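Reader: Please take me through this structure, and set each term against its cut-off as you go.

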2 protein chains.
Amino acid sequence: MRLVVIGGVAAGLSAAARAKRLDPSMEVLVLEKGEHISYSACGLPYLLEGQVRDWLQLVGFTPERFLLEKNVSVRGGAEVAAIAHSRRQLTLLSGEKLHYDKLVIATGARARCPDTCLPLHTLADGVRLWEHLREAPPSRALVIGAGYIGLELAGALRARGWRVTLVDRNEHLLHREDPELTAILRRQLERHGVELMLAYDGPAPEAPLTVHATGLQPNTLLAESAGVELGHTGAIRVTEHMETNLPGIFAAGDCAETVHRVTGAPVWLPLGTTANKMGRIAGANAAGRRERFPGVVGASIVRVCGLGVALSGLSAAHARKAGFNPAAVRIRSRDRASYFRGRPVTVELVADKSTGRLLGGSVLGEYGVEGRVNVISTALQARMTVEDFLGLDLVYAPPYAPVMDSLLVAAQQLAKEL
Amino acid sequence: MRLVVIGGVAAGLSAAARAKRLDPSMEVLVLEKGEHISYSACGLPYLLEGQVRDWLQLVGFTPERFLLEKNVSVRGGAEVAAIAHSRRQLTLLSGEKLHYDKLVIATGARARCPDTCLPLHTLADGVRLWEHLREAPPSRALVIGAGYIGLELAGALRARGWRVTLVDRNEHLLHREDPELTAILRRQLERHGVELMLAYDGPAPEAPLTVHATGLQPNTLLAESAGVELGHTGAIRVTEHMETNLPGIFAAGDCAETVHRVTGAPVWLPLGTTANKMGRIAGANAAGRRERFPGVVGASIVRVCGLGVALSGLSAAHARKAGFNPAAVRIRSRDRASYFRGRPVTVELVADKSTGRLLGGSVLGEYGVEGRVNVISTALQARMTVEDFLGLDLVYAPPYAPVMDSLLVAAQQLAKEL
């Protein structure tokens, strides 16, 4: 029995390692078209900023170490040109043909920008930009796209002394239809010297350095040409078992869609941690298990010039579009006891007026942001109401939290609106 | 309509402020036997350590400011000697008699040690010790009791240069029957120069300074003498509406018991944040609402010589005693991406083998401990199984978390044991 995995970054390697661990008798082969495997693309902004010393630190495994530790072969520079599923055969770009019994497609996503643009998506993109920054003296840079990569990149370039302009056609930052969030982030960016051009529709201004962070699109061409169906999001449609419409072919990671657990609708949210989890499930099921991936609540976190910005679930605007009747509050509180270095934290919570169900929230601050948004995500997964949420037993001690956590202060406020 | 609240620290003031806010026509009076109101006892170890400059920083409200901001009168030095509930009348120690329509008992807890001992419970205890430490040159100190106050105190005295011995009759630290936890904490304390004498049954050794942190007991005498019933825990029995057995008398905070949401049994867990929440509910219901306090999952956090130690739910030993069939794992992982200052974190999870239900956990580390234990607590409240927990959508970005959060690594390990 041979499992072939197409793609050797997050989902692909998770799938391969897990399948081999669960069924050591299986032959598992990973094909990666690029030069590097197992790297953290999410670390690239921190490489550019100088927080990470060398790009080698972003690489988890070399093929040699993956073979040694996981007993799985990885071939770099091996691009698959075609899948003939009826014959269970792959053809590489080199012409070489390979048999498989089970297949996991983990072809990821690619930057959505012209071929001539400079994106920040792959390790190669990051290293190229990193080398450029080490040689070029700071000057003026244009970052196109105000999603989370654009914001991280703008902060990284500022930290290196560049004059940075962030441009987006959209009027909202982070693509979250939330004017207050955009206003807070705008203040944070401007305070750190990042110029903003939002709702900008003209041609991109000229600058010595222009980096595109204009979003991603799933790499689905290979899958499509083999007869694998896509969903409405444009990514590969999979069951909760990570199976495609073709028996024996699984898909996982940034090339596949999943379910949003708040709306119940399919969603494409390419994130590293989700890719890893989907990969684990795909690998397990390719090895004969029957595990399920339950979907996501749309949780993410990004650092914007030192400010932690974490989102989960739906904004009020998104909730309205999804058919809910939302109420929302946003409060300012402190992350810890005020006599113990307590700093401001902003918490937003959104709930459905008709049912009291919590629908989403956001947390902004310097400390404890990831923990608070994870509580919101856990509550969303459990379909808690605001009343349930109000009853949460959150820890208190001066070095860690205030006596009444900002999450509960926000929930108390929201309860009055319901 | 007059509401009298006995006790002016956490639960009492929360009750008074909330009642007044919900029903401004109500006359609300708080009686506090001590000199100070509204102080953070949890901040006392940090005052002693020197992290908090002055004890005045630990005081939230003076009676004057509470009157001004909350429109509630607080009388300090007013100790209630008796409650004649049939006449709705209180008698103060001074002999003065006061009428009430509704009563909230928030008499708190007191240190369980001989009258001659030096405890660390009230603000007055803390200030006395603080003044002593400012005058006395560092020498040898004995801390009796290895609960969370004893551990914080030992760390605070060490930080001031004292030679500290921590003594407890019990063999476990933090009273958690968990040998591995005790071993980790023992190493942490010893590494910071705290000597330990556990399972020690002899007379307390002599030392120039001896502080008792031998636990608390609820202040129930006044309530009992008025005919208020206690529960099996020894604290005042209340309904989920914070009502005692006597109509019109509510109780809240450290003098009252509540329900443990994992075992379903009554429990007495005196903690500041719980006291505040119980007080809010008692106040709302005294003002004619019908709100409920759902209980606690037993979450707490303490800093032990810089190490964050957070517990929630049941240990394996506790789970066994409560009639579960527990499986437990403890894993070591990293709190953030290893290339981004990632430091060790230890996560323990306990689940019931028969049902897969999560029963408890603990998190130890330097960063992100409070957020991770809050996720466990939220999952406990939602009665999640380990499989549910495995599906959590926790945020990832290098400055905040590793790609696979330590909580999920632990849950993956635990799933194999079920």
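Author: One contact joins the two chains through charged side chains: A:Arg292 forms a salt bridge with B:Glu387, with the closest N and O atoms 3.9 Å apart. The model is predicted, so local features need pLDDT of at least 70 and side-chain atom pairs count only at pLDDT 80 or more, while totals for chains, interfaces and linings use all residues. Residues are numbered from 1 along each chain as its sequence is written, chains are lettered from A and ligands numbered from 1 in the order in which they are written, and side-chain values use heavy atoms, with hydrogens and water left out.

Reader: Why is the pair A:Arg292 and B:Glu387 called a salt bridge?

Author: The term asks for a side-chain nitrogen of Lys or Arg within 4 Å of a carboxyl oxygen of Asp or Glu. The closest N and O atoms of A:Arg292 and B:Glu387 are 3.9 Å apart, so the pair meets the rule. Across the interface of chain A and chain B, the rule finds two salt bridges.

Reader: Which elements of chain A give two or more residues to the side that touches chain B?

Author: They are helix H8 (272-286), strand S17 (300-304), strand S18 (307-313), helix H10 (369-381), helix H11 (386-390) and helix H12 (406-417) of chain A, where helices (H or I, at least four residues) and strands (E, at least two) are DSSP runs numbered from the N terminus. H10(A) gives the most, with nine residues.

Reader: How many residues are in contact between chain A and chain B, and what area do the chains bury?

Author: Counting contact as heavy atoms within 4.5 Å, 60 residues of chain A are in contact with 60 residues of chain B. The two chains bury about 5,100 Å² between them, 60% of it on carbon and sulfur atoms; buried area is the accessible area (1.4 Å probe) that two parts lose on being put together, summed over both. A:Tyr339, A:Asp393 and A:Tyr400 supply 16% of the area that chain A buries against chain B, more than any other three residues.

Reader: What makes A:Ser362 count as buried?

Author: Buried means under 20% relative accessible area, exposed over 50%, and partly exposed in between (1.4 Å probe, protein chains only). A:Ser362, which lies in strand S21 of chain A, has 1% relative accessibility and therefore counts as buried. Among the residues that A:Ser362 touches, not counting those up to four places away in sequence, are A:Arg330, A:Glu348 and A:Ile376.

Reader: What does the side chain of B:Asn245 reach, and at what distance?

Author: The side chain of B:Asn245 reaches the backbone nitrogen of B:Glu229 at 2.8 Å, and one of its polar atoms lies 3.1 Å from the backbone oxygen of B:Gly227. A polar contact is a pair of N or O atoms within 3.5 Å; within protein, one must be able to donate a hydrogen and the other to accept it, and residues adjacent in sequence count only if both atoms are side-chain atoms.

Reader: How do you know that S20(A) and strand S21 (residues 358-365) of chain A pair?

Author: Two strands pair if DSSP finds at least two bridges between them, and S20(A) and S21(A) have seven, in the antiparallel sense, so they pair.
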